[in-house]
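Visitor: I would like to walk through this model. Where shall we start?

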Amino acid sequence: MSPVLEVRDLVKRFPVRGPGRKVVHAVEGVSFSMPQGETLGLVGESGCGKSTVARSVMRIYEPTSGSILLDGEDITRMGERELKPRRKKIQMIFQDPYASLNARMKVRDIVAEPLLAHRVFESQAGITEAVRAMLEHVGLGRQHMNRYPHEFSGGQRQRIGIARALILNPKVLICDEPISALDVSIQAQVVNLLKSIQRENGISYLFIAHDLAMVRYMSHSVGVMYLGRIVEKCESAEIYWRPLHPYTKGLLDSIPSPKPPRPGFEKGASIEGDIPSPISPPPGCAFHTRCRYVKAECRETIPVLKMVEAGHEVACHLF
């Protein structure tokens, strides 16, 4: 079965204002594919390029190079008129439920906006009924339709954002850190809602998050990003049971343990230093400035993402 979304060698660079022709190397050669009805999780530190990948796939950002295939169609260079009908297949949930909703619009109009843009219904009655049904689907109700976003909690606002993204029945949903701005108790509600929607509708998710435990719960497979590149990719359970890349091991070591440490035990930092600047990334492997296993080859040659075990890819000179 062909993937519903396939990204090949995606590159996105941003020019920097000022003297010289400097660029921000936000995404450098990212590739992945997503089967129908499954979730790919993207994890990594802030600034590694996760959200840029999401916005480039959505064509909010124009890719510098590479290709994006949606249902087998290359949408990378399509003009807006040609791209518009394809946008019904791929929608996005944004990170901030406060900033992503128009404060001057009522909930009914926010959720109905995609229907109007794509002229799905001819009558206002049909639009209203579709909005009501979708709000109930995400745990809200008819009584919420004529309220404004400021009248809702963070979790309710994110449900409104989910309703807006689902109203066109997309095949792919890009979830750009949809729970990071929510309280922990609300995060569980939103994640369980997304999982139940996936079971019912067979939607594929690109799920971006910092919380590795949540990514494990949500995802069928996981890609670990560092400074614009995917450095490890495999099934979700495999990456937690047998991480190979030193960066992945460091991320997993950083997960807080519910068990208190033994008296006198102090856990050292598994990843030291700061992430390098994407304007002038280091030569060779970008992680070599922070890696405890660095060798001469790491400083000179960029490692290629390759299969080292069945279904397990890693970009590291140790393998």
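Guide: We start with a helix pair. This is a predicted model, where local features need pLDDT of at least 70, side-chain atom pairs count only at pLDDT 80 or more, and totals for chains, interfaces and linings use all residues. Residues are numbered from 1 along each chain as its sequence is written, and side-chain values use heavy atoms, with hydrogens and water left out.

Visitor: Which residues in α6 do Gly155, Gln158, Arg159, Ile162 and Leu166 in α5 meet?

Guide: Contact means heavy atoms within 4.5 Å. Helices are DSSP runs (H or I, at least four residues), numbered from the N terminus. On the α6 side, the partners are Ile186, Gln189, Val190, Leu193, Leu194 and Ile197.

Visitor: How do the residues of that contact divide?

Guide: Ala, Val, Leu, Ile, Met, Phe, Trp, Tyr, Cys and Pro count as nonpolar, Asp, Glu, Lys and Arg as charged, and the others, Gly among them, as polar. The contact of α5 with α6 has seven nonpolar, three polar and one charged.

Visitor: At what angle do helix α5 and helix α6 pack?

Guide: Axes are lines fitted to C-alpha atoms, for helices over the stretch in contact, and angles run from 0 to 180 degrees between N-to-C directions. The axes of α5 (residues 154-166) and α6 (residues 184-201) lie 10 Å apart. The packing angle is about 20°.

Visitor: Where does leucine 227 lie?

Guide: Leucine 227 is not a glycine, yet has a positive phi of about 50°. Strands are DSSP runs too (E, at least two residues). Leucine 227 sits in the loop between β9 (221-226) and β10 (229-235).
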